[in-house]
Amino acid sequence: MLKQKDLLGLKDLSVEEIYEILDTATEMKKIILSDKKQSDLLAGKALVTLFYENSTRTRSSFELAAKYLGASEVNISVATSSVQKGETLIDTGKNLDAMKVDFIVIRHQMAGAPKLLAENVKASVLNGGDGMHEHPTQALLDICTLREKLGKIEGLKVAILGDIKHSRVAMSNLFGLKKLGAEVYMYAPATMMPKELERLGAHVCKSREEAIEGADAVMGLRIQLERQNGGLFPSLSEYSRYYGVNDGLLKYAKDGVLVLHPGPVNRGVELTPQVIDGEKSVILEQVTNGVAVRMALLKLLNEYREANL
C-alpha cells in the first residue's frame, strides 16, 4: 500500500513503493491485454482530469485507466471552464471535492501546482506534469518498460539526451532510476543542461558518444519549444545533426539496447525515423505500459483511501 493519498513525484516515493507500483502494473496489464478490458475494482469511484496544458497520451491513458477499472471519468477543459472567469486552482479543487470526486489528475504549467491542490482537497491528486518539475507517471511507465524488457533496473546504464533543462520527464526518471540502482548519463546542448544535475546523481557527458557508450537504454527527449524563449539552438536541422540519435550512434550502445521517448516525437529531430520505427524502439510499448501504470496507481491510491480516509 502507498504511504500517502497523492502521487506528486518520484522524489517522494520509497523504493518499496515504486516496486509495488511496478508489480501492480504487471497485473493491470493483463486486464488491458484481455478481451474484456474491464474490471470493477473502482466501481462507484470518480476521476477528473484537469489539464491546464495540452496532452494526448497522459490524459487519454488516465481516462482509459479509470474506465478499464470501472470508474467514472470526466475531463474538464480549462479553456472553457470557470478558470477563464478568474476561479483559482484551490477553488476549482474545492468545487470538485464538493462533487465527491475521488481522484484529480492535474497537469499545470507551474511547478508545485499539484502539491498546492493536494493540500486543499480530500481527493487523491495525481501529478500529470507540473512545469519543469516532475512527470512521475511518465517515469514510472518508462521504468516499467525497462524492467519488463530487461528484467531489472539495478545496474543498468540509461542515457538520456535532449532538452533536459525543460524536461520534467528527465527529472522524474533521474529520481526513479537512481533510487532503483541504475546509472543515468545525460547529454544536451549547454543551453539545455541544468547546473544541478551532477549534485542530483546524474553523469553529465561531453558528447553523445560518451552518453551512449555501453548503454542498456537510450531515451530521447522532445524539444520543449513551448517552454522556451528561443535562441537555445540555431535550428532544428542543426539540433538533429549534433544532438539527435541515429542508428550510427546506437552502435556505441550494448547490442540489445532499447530506445525510448516520452512522445510526441519530432521525427528527424530527437530521433531519426529509422530509430523510431526500428527493432530497438519500445516507444509504443511505453504507451501501453502507461495505461497499466496509471491503473496501478489508481488501484493503490484507492486502497490507501479506503484504509485511511
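Which hand, left or right, does the crossing of α1 and α11 have? The crossing is right-handed, as given by a predicted model.

**View 1. Helix α1 crosses helix α11.** Helix α1 spans residues 15-33 and helix α11 residues 283-308; their axes come within 7 Å and cross at roughly 115 degrees. On the α1 side, the contact is made by Glu 20, Ile 21, Thr 24, Ala 25, Met 28, Lys 29, Ile 31 and Ile 32. The α11 side contributes Thr 288, Asn 289, Val 291, Ala 292, Val 293, Met 295, Ala 296, Leu 297, Lys 299 and Leu 300. By class, the residues of this contact are 12 nonpolar, three polar and three charged.

**View 2. The largest nonpolar core and Met 295.** This core has 68 residues, and Ile 164, Met 186, Met 295 and Leu 298 have the most contacts inside it. Helix α11 supplies the largest share, nine residues. Beyond its neighbours within four places in sequence, Met 295 is in contact with Met 28, Ile 31 and Ile 32, and also with Ala 65, Tyr 68 and Leu 69. A second, separate core of 18 residues includes Val 245, Leu 249, Leu 271 and Ile 283. In soluble globular proteins, nonpolar side chains tend to be buried together.

**View 3. Helix α2.** Residues 57-68 form this helix of 12 residues, which reaches 16 Å from its first C-alpha to its last, close to the 16 Å expected at 1.5 Å a residue. Its buried residues are Thr 58, Ser 61, Phe 62, Glu 63, Ala 65, Ala 66 and Tyr 68. Gly 70 follows α2 and has a positive phi, near 90 degrees.

View 4. Thr 58 is found in helix α2. Thr 58 counts as buried because its relative accessible area is 5%, under the 20% limit. With neighbours within four places in sequence left aside, the residues in contact with Thr 58 are Phe 51, Arg 107, Gly 128, His 135 and Arg 294.

**View 5. Ser 72 in strand β2.** Ser 72 belongs to strand β2, residues 72-77. Its relative accessibility is 48%, so Ser 72 counts as partly exposed; the class lies between the limits of 20% and 50%. Not counting residues up to four places away in sequence, Ser 72 touches Lys 45, Ala 46 and Leu 47. From Ser 72 to Val 48 the C-alpha to C-alpha distance is 8.6 Å, with the two residues 24 apart in sequence.

How values were computed:
Residues are numbered from 1 along each chain as its sequence is written. This is a predicted model: local features need pLDDT of at least 70, side-chain atom pairs count only at pLDDT 80 or more; totals for chains, interfaces and linings use all residues. Side-chain values use heavy atoms; hydrogens and water are left out. Axes are lines fitted to C-alpha atoms, for helices over the stretch in contact, and angles run from 0 to 180 degrees between N-to-C directions. Helices (H or I, at least four residues) and strands (E, at least two) are DSSP runs, numbered from the N terminus. A crossing is left-handed if the near helix is turned anticlockwise from the far one by less than a right angle, and right-handed if clockwise. Contact means heavy atoms within 4.5 Å. Ala, Val, Leu, Ile, Met, Phe, Trp, Tyr, Cys and Pro count as nonpolar, Asp, Glu, Lys and Arg as charged, and the others, Gly among them, as polar. The expected span of a helix is 1.5 Å times one less than its number of residues. Buried means under 20% relative accessible area, exposed over 50%, partly exposed in between (1.4 Å probe, protein chains only). A nonpolar core is a set of buried Ala, Val, Leu, Ile, Met, Phe, Trp, Tyr and Cys residues joined through side-chain atoms within 4.5 Å.
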